[in-house]
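Hi,

Here is the model I promised to pass on.

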Amino acid sequence: MNTTNQSPYQIDDHSYGINTNNNQSSCYTEILNTMHAQMQAMLSHHNKIIVVRFDLHCEKYGSCNTELSRFMCKVRKRLYGHYKCTRFGYLWVREQERSKSQHYHVMLIIDANKIQNPSALLGWLQERWSVRGHARPFIPKNCFYKIRRGDDDTFAEAFYRCSYMAKVRGKGYGG
């Protein structure tokens, strides 16, 4: 996979700042491009979206991502059933550095006409991940961005914040 440590990062005719720790760290370009495409696709369908970021830590090491896949199926059912979403975007990355088990950085992209503030959804996510035997998900400060179609500044802020998911460090360990 290709990497870059150059910020801003050019996609199509836009430049976006990315979290490279002052060009000291690298990001995978494939992840950056996928993240951008997911956000743009959702904005092509909805006049405003909400981008939500959180982290999931696993209690035990797993060589495959079955646990996360099952969890994302529950998230999909919740968004479609409870919130009446017709579509949503997401991106997740697996990392393992010093700990014995992996963790995941997750980004959800949801129609902001269906969810104005993600606090109830985040509470549900924390409960559902915890009952699966894992530590409560980490919810960072300022974990969501509401982006209106055409609001390039907020789009760029969310892209920068979520670009942390594309960092190279931590992705080369494990199975």
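Below is what turned up, starting with the ground rules.

This is a predicted model, where local features need pLDDT of at least 70, side-chain atom pairs count only at pLDDT 80 or more, and totals for chains, interfaces and linings use all residues. Residues are numbered from 1 along each chain as its sequence is written, and side-chain values use heavy atoms, with hydrogens and water left out.

First, the helix pair (helices are DSSP runs of H or I, at least four residues; strands are runs of E, at least two; both numbered from the N terminus). Helix α1 (residues 29-45) packs on helix α4 (residues 152-162) at about 145°, with the axes 11 Å apart. Axes here are lines fitted to C-alpha atoms over the stretch in contact, and angles run from 0 to 180 degrees between N-to-C directions. On the α1 side, the contact (heavy atoms within 4.5 Å) uses Leu32, Met35, His36, Met39, Gln40 and Leu43, and α4 brings Phe155, Ala158, Phe159 and Cys162.

Most residues other than glycine have a negative phi, and most peptide bonds are trans. Serine 7 and proline 8 are joined by a cis peptide bond, omega about 15°, and proline 8 sits in the loop between β1 (3-4) and β2 (9-11).

Asparagine 22 has a positive phi of about 55°, and asparagine 23 one of about 65°. With 71% relative accessibility, asparagine 22 is exposed, while asparagine 23 is partly exposed at 33%. The cut-offs are under 20% relative accessible area for buried, over 50% for exposed and partly exposed in between (1.4 Å probe, protein chains only).

Cheers
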